[in-house]
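Please open the model in a viewer and keep the selection tool at hand.

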Amino acid sequence: MPNDESDAISAFGPDFPFAYDDWLAHPAGLGAVPAEKHGARVAIIGAGAAGLVAGYELMRLGLRPVLYESARLGGRLRSQRFEGTEGIVAELGGMRFPVSSRGFYHYVDLLGLETRPFPNPLTPAAGSTVIDLEGETLYARTLDDLPPLYREVAAAYHQALEDGAQFSALQAAMRARDAQRIKAIWDPIVQAWDERTFYDFVVSSQAFRKLSFRHREVFGQVGFGTGGWDSDFPNSMLEILRVNLGGFDDEQRYVVGGVEQVAQGIWRQAPEKLTYWPAGTTLAGLNAGATRGRAQAIAHNGKGGFAVMDQWGNRDDYEAVVVTCQSHLLTTSIDAEESLFDQKLWMALDRTRYMQAAKTFVMVDRPFWKDKDPDTGRDRMSMTLTDRITRGTYLFDNGDDRPGVICLSYSWMTDALKVLPLPAERRVELALSALSKIYPGLDIAGHIIGSPICVSWEADENFLGAFKGALPGHYRYNHRMYGHFMQADLPESQRGIFMAGDGVSWTPAWVEGAVQTALNAVWGVMTHLGGRSPDGNPGPGDLYPALKPVDLVD
Ligand code: FAD
């Protein structure tokens, strides 16, 4: 863990302030199921972060997780290797992981993976940053190098957060892990902002109202921390606040060699402590070395459990099911028996709104961008934020004697749709054309080696979108999906199937949400099978009645 100061900000709340990291680290473990349930089969749909974490922890409890995966192990933790290289990868999904993601880093540390600071704009890891807006190009190392307008924008957003969301007080409560204080401040904010957008928050704030349209425009293009956030302007403000409050946009790191190693690592990791299974047992071993294919149908099996059929028509019985794929795939990819869920939950699952995202990567012969321009003394090329089609360009230095990687373009929503139908070569041409206007005379293409790698998550039937982006008025839907692991009050026929994944979490687009909801599902399955948390280490479901997210009246 790169930053384990006890008072550092972490993804503790604000909706459900439960310490997942402490629960995981407790020497008493997560709990136990009755011995007669040891070896009980649990189907896990999807082998992304949530499915693997759920599978790993359920295996440690002595259960038999059987994973189904329709695409690639790791899901949206996908590191695609450039052909012919060792460890030179394009991070097609998650790529920068804030140290506040304590649940996620529990597994990174368990696997002993190396992380380094992510080259975000205006950070030492990037070295230099170029901001190109409306044809004006600025070169900076820190915010202080930029014209006053940029500092005014940054100051205005800080002020808006203070005025509109008691930001410092709320973060102090999160740092102190003071759950009651967090709820006292956060719950009224939920009431006030669920139905209002991020853009509304910015334009209606006193801090921005004093400033010009240009300030709001620059804020949208350059944003805070990681880059432009105007693609999120239509989203519910609550979602943005959670990112800011939980430090998701700060102190981000990348996994050297690719984040997919986390997925592969969990799959192959033999836990030090586990119940029932012999030492050395792994998820890979329990699954005979590979996942099942696509889950095609899920239904009650008439024996109090579930039947899952894979794409080849193989049907197996399970005592519980954990579904981790994006929720709209329960309609498009899986024939899910309607009676598995209440209609109100179906509404939430189907109304979940997914954002689009596209990335275009090339490999280059070396990190040539560090060469100095003889006239200006500046880096030849920098991490670049622009209003042009590329939006964000990121530079990955794998060492002076190794190929470098350029993410020519990382874009969302409309910008991602612009390239959706285009082949990789055309995407690269468009990106190079935009960058040539920012860096006239720089021959980026002359450094490219190998073939480009690109992704549009919305074009892949196994995802149909990059990640949830909750719209105004979606809090109730989120609440239904997130709280579904608490099943004591559900009719018998709706128990035993659990959902996990960042899409049902409060922090979509962040792997921490996938990990936290996977742990909720672990508690849910354990309890469903008659198990419970150990004394002294209450689980999320034990504390849910006291700490659960606020209910909004219908
Ligand atoms: P997934 O990874 O989607 O796993 C679900 C799995 O279910 C998939 O593998 C899918 O193939 C499979 N599946 C679908 N249908 C079926 C079926 N019928 N049967 C069986 N399997 C099925 N997070 C960060 O923390 N930092 C970042 O910088 C970051 N950037 C991101 C950038 C992009 C472009 C994207 C797309 C995501 C990013 N994320 C980031 C989010 C992070 O990648 C996700 O939160 C996390 O990987 C989600 O894990 P999951 O298990 O919830 O879902």
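Where is the place of tyrosine 276? Select this residue to begin: tyrosine 276 belongs to the loop between helix H11 (260-268) and helix H12 (283-286). The model is a predicted one. Tyrosine 276 has a positive phi of about 75°, although it is not a glycine. With a relative accessible area of 48%, tyrosine 276 is partly exposed.

**Backbone stops**

Most residues other than glycine have a negative phi, and most peptide bonds are trans.

Now select glycine 13 and proline 14, which are joined by a cis peptide bond with omega of about 10°. Proline 14 is placed in the segment before H1.

**Aromatic pairs**

Show the rings of the aromatic side chains; the structure holds 34 aromatic pairs. Select phenylalanine 16 and tyrosine 20: their ring centres are 6.5 Å apart and their planes stand at 75°, so this pair is edge-to-face. Both phenylalanine 16 and tyrosine 20 are buried.

Continue with tyrosine 157 and phenylalanine 219, an aromatic pair of the tilted kind, with 4.7 Å from centre to centre and 35° between the planes. Tyrosine 157 lies in helix H4 (residues 148-165) and phenylalanine 219 in helix H9 (residues 213-222), so the pair ties together parts that are 62 residues apart in sequence. Tyrosine 157 is buried, as is phenylalanine 219.

To view a cluster linked by ring pairs, select Phe16, Phe18, Tyr20, Trp23, Tyr475, Tyr482, Phe485, Trp506, Trp523 and Tyr544. Phenylalanine 16 and tyrosine 20, visited above, are among its members.

**Charges over rings**

Select arginine 196 together with tryptophan 193. The charged end of arginine 196 sits over the ring of tryptophan 193, at 4.0 Å from the ring centre. Then select lysine 359 and tyrosine 410, where the charged end of lysine 359 sits over the tyrosine ring, 4.5 Å from its centre.

**The second largest pocket**

Which residues lie nearest the centre of the second largest pocket? Select Leu24, Gly29, Arg60, Glu272 and Lys273, which hold that position among the 24 residues of the lining. The volume of this pocket is about 530 Å³.

H2 provides the largest share, namely three residues. By residue class, the lining of the second largest pocket comprises 13 nonpolar, seven polar and four charged residues.

**Cysteines**

How many disulfides does the structure hold? The number is zero. For the last stop, select cysteine 454, which takes part in no disulfide. Its nearest cysteine sulfur belongs to cysteine 407 and is 11 Å away; a disulfide would require the two sulfur atoms to be within 2.5 Å. Cysteine 454 is partly exposed, with a relative accessible area of 25%.

Conventions
Residues are numbered from 1 along each chain as its sequence is written. This is a predicted model: local features need pLDDT of at least 70, side-chain atom pairs count only at pLDDT 80 or more; totals for chains, interfaces and linings use all residues. Side-chain values use heavy atoms; hydrogens and water are left out. Rings of Phe, Tyr and Trp (its six-membered ring) pair if their centres lie within 6.5 Å; planes under 30 degrees apart count as stacked, over 60 as edge-to-face and the rest as tilted. Buried means under 20% relative accessible area, exposed over 50%, partly exposed in between (1.4 Å probe, protein chains only). Helices (H or I, at least four residues) and strands (E, at least two) are DSSP runs, numbered from the N terminus. A charge sits over a ring if NZ of Lys or CZ of Arg is within 6 Å of the ring centre and within 35 degrees of the ring normal. On a 1 Å grid over the protein atoms alone, a cavity is a set of points where a 1.4 Å probe fits but cannot get out, and a pocket is an open set with protein on both sides within 12 Å along at least five of seven lines; lining residues have an atom within 4 Å of a point. Grid points are joined across faces, edges and corners, and a volume is the space filled by probe spheres set on the points. Ala, Val, Leu, Ile, Met, Phe, Trp, Tyr, Cys and Pro count as nonpolar, Asp, Glu, Lys and Arg as charged, and the others, Gly among them, as polar.
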